[in-house]
Amino acid sequence: MYVLGIETSCDECSAAIVEDGRNILSNVVATQIELHKPYEGVVPELASRLHTEWIDQVVLAAINQAGITKEDIDAVAVTNRPGLLGSLLVGVNFAKGLAASLDVPFITIDHIRAHLYASQIENPQEYPYLGILVSGGHTVICKVKGYDEVEVMGTTIDDAIGEAFDKVAKHYGLGYPGGVVIDRLSKNGNNKAFLFPGPTINGEGHEYDISYSGLKTAVINQLDKFWDGESEKSQENIAASFQRAAVNVLMKRIRLALKDTGLKRVSAGGGVAANSLLRSELKALEKGGYSVTFPSLKLCTDNGAMIAGLAYRYLQDGVRDDFNVTASARVSAFKKNQ
Ligand code: KG4
Ligand code: ZN
C-alpha cells in the first residue's frame, strides 16, 4: 500500500511516499528557512504563500523519486493540526483535491502524534513506552500505549524547549534557526562556564512538568549572575552552558517518569530530538537496561514520511476522513487528563 504523506504545518513543504507504513520510498523536504532568515523567525503569510507555490512540485518530486505514478497512490494523508492555519490549509486542500481526483481515501493527521510516532517507522518499539516529544511548539512527556493512545504526564508550562533554543540564539545573534546553531556551537564550548539554574516547579500534578521560560530569561538577562567569573563570555560557552541546562532539566523529568511508571522503553521525537546532547543522554539510559529509540535526523524535524507512516496505521484500522474535515491551528490531543 502506497501512502502519500503531505506536511505543510510550518515552514517545511514536504511530501513522502511510504510503502506499507515502513518503507520510505521518498521523503522530499523543501525548506523555507533561507526565505524566513531575514526576519529571524517564520512569517506566517510568507510561509503559506510559499507552500502554495511549491506544493505541486514537491508532491510530484516525491512521486517521481519513489518510482511510482500518481495512479499507484492508495491513500492521501495530510497534517491538519496544529500549526499555522494558512500553511495547514494549503496542504489540506491540495490533499483533498488529489484524493478526490484519484478516488482514494483521504485522512488527516495530528502533527504532534506523527512526531511521536516517527521513530516507529524505522525502529519499531513495543508498546507501552515513555514518549518524549520535543519540538518548537511542544515539550511533552507521555505514556504511549498505542499509536493512537497517549497519556500525557508532563508538559512545559510556558515556552517549549525548541522555542527556548530559538529565542536564546536570536538574542545573542547566533543564527537561525537556533537549535541547530546552538548544538553546533556547543561542541566547542565549556558547558560549565555558566551554571544556569534548572527551573523547579512544585505542587501536586506538576511532578513531570517543565518550565523553560525561567532558564531562557536567566540566559538572556542574568548572564553575569551565573558566570564562573573566569571563562570567556563567548558564544560557544553560552551555547554549551544553556544546552546543558536545557537538556538536564528534561532528563531529570524523564528519569523520574521512568522510575515512577516502571516503563523500560523510551522513544523521542520532534525537531529537538535531533539535538546531539539529548540523543547521547537518552542513549546513556541503555546502560540502565532501558531500550531507547529516536528517529534518524531527517525524521526528527518536520517531514511527510512521519505523516504517511502514522496514516498507514489508521488506514489499516479502517479510519478515513471525509472532505468536511478541515485544518485547525490548535490541538487538544496533547493536554493533560484527556
Ligand atoms: O519539529 P520541528 O521541525 O517543528 C515543530 O513542530 O516545532 O522542530 C523545530 C524545532 C526548532 O525550535 C529548532 O530550533 C529545533 O527544533 N531543533 C533543534 C535541533 N534541530 C532542530 N534544537 C536543538 N538541537 C538541534 N540539533
Ligand atoms: Zn514539527
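In what sense do strand 4 and strand 5 pair, and over how many bridges?

Author: Strand 4 and strand 5 (residues 106-110) pair in the parallel sense, over five bridges. Pairing here requires that DSSP finds at least two bridges between two strands. Helices (H or I, at least four residues) and strands (E, at least two) are DSSP runs, numbered from the N terminus.

A word on the basis. This is a predicted model, in which local features need pLDDT of at least 70 and side-chain atom pairs count only at pLDDT 80 or more, while totals for chains, interfaces and linings use all residues. Residues are numbered from 1 along each chain as its sequence is written, chains are lettered from A and ligands numbered from 1 in the order in which they are written, and side-chain values use heavy atoms, with hydrogens and water left out.

Back to strand 4. One bridge to strand 5 sets Ala77 against Ile107. Strand 4 also pairs with strand 1 (residues 2-7), again in the parallel sense, over four bridges. There, Val3 has Ala75 of strand 4 as its bridge partner. Strand 4 is mostly covered: six of its seven residues are buried. Buried means under 20% relative accessible area, exposed over 50%, and partly exposed in between (1.4 Å probe, protein chains only). In a regular strand, side chains alternate between the two faces of the sheet.

What follows strand 4? A loop leads from strand 4 (75-81) to helix 3 (85-102), and Pro82 lies in it. The peptide bond from Arg81 to Pro82 is cis, with omega about -25°.

Another cis bond joins Tyr176 and Pro177, where omega is near -5°. Pro177 sits in the loop between helix 5 (161-171) and helix 6 (178-186). Helix 6 has Gly178, Val181, Ile182, Asp183, Leu185 and Ser186 as its buried residues. They pack against helix 5, helix 8 and helix 9 (276-284). An α-helix has 3.6 residues a turn, so residues three or four places apart point the same way.

Ser231 counts as buried, because its relative accessibility is 13%. Its C-alpha atom lies 5.5 Å from that of Ala193, 38 residues away along the chain. Leaving out residues up to four places away in sequence, Ser231 touches Asn190, Ala193 and Asn237. Contact means heavy atoms within 4.5 Å.

Now the antiparallel pairs. Strand 2 (residues 12-19) and strand 3 (residues 23-31) pair over eight bridges. Cys13 stands opposite Ala30 of strand 3. Three residues lie between the strands of this hairpin, and Asp20 takes a positive phi near 50° there. Asp20 is not a glycine. It counts as partly exposed, at 37% relative accessibility. Glu40 is another non-glycine with a positive phi, about 55°. Its place is the loop between helix 1 (33-36) and helix 2 (44-66). Glu40 is partly exposed, with a relative accessible area of 41%.

Strand 7 (residues 139-146) has antiparallel neighbours. Strand 6 (residues 129-134) pairs with strand 7 over six bridges. Leu130 stands opposite Lys143 in strand 7. This hairpin has four residues between its strands. Strand 7 also pairs with strand 8 (residues 149-155) over six bridges, in the antiparallel sense. Gly146 has Glu149 of strand 8 as its bridge partner. Two residues link these strands in a hairpin. Six of the eight residues of strand 7 are buried, so strand 7 is largely enclosed by the rest of the structure.

Finally, the whole. The protein has eleven helices and ten strands. Of its 338 residues, 53% count as buried. Among contacts between residues at least 6 apart in sequence, 74% join residues at least 24 apart. The radius of gyration is 20 Å, which agrees with the value near 20 Å for a compact globule of 338 residues. That radius is taken over C-alpha atoms, and the globule rule is 2.2 Å times the number of residues to the power 0.38. Along the principal axes, the C-alpha atoms fill a box of roughly 65 × 45 × 30 Å.
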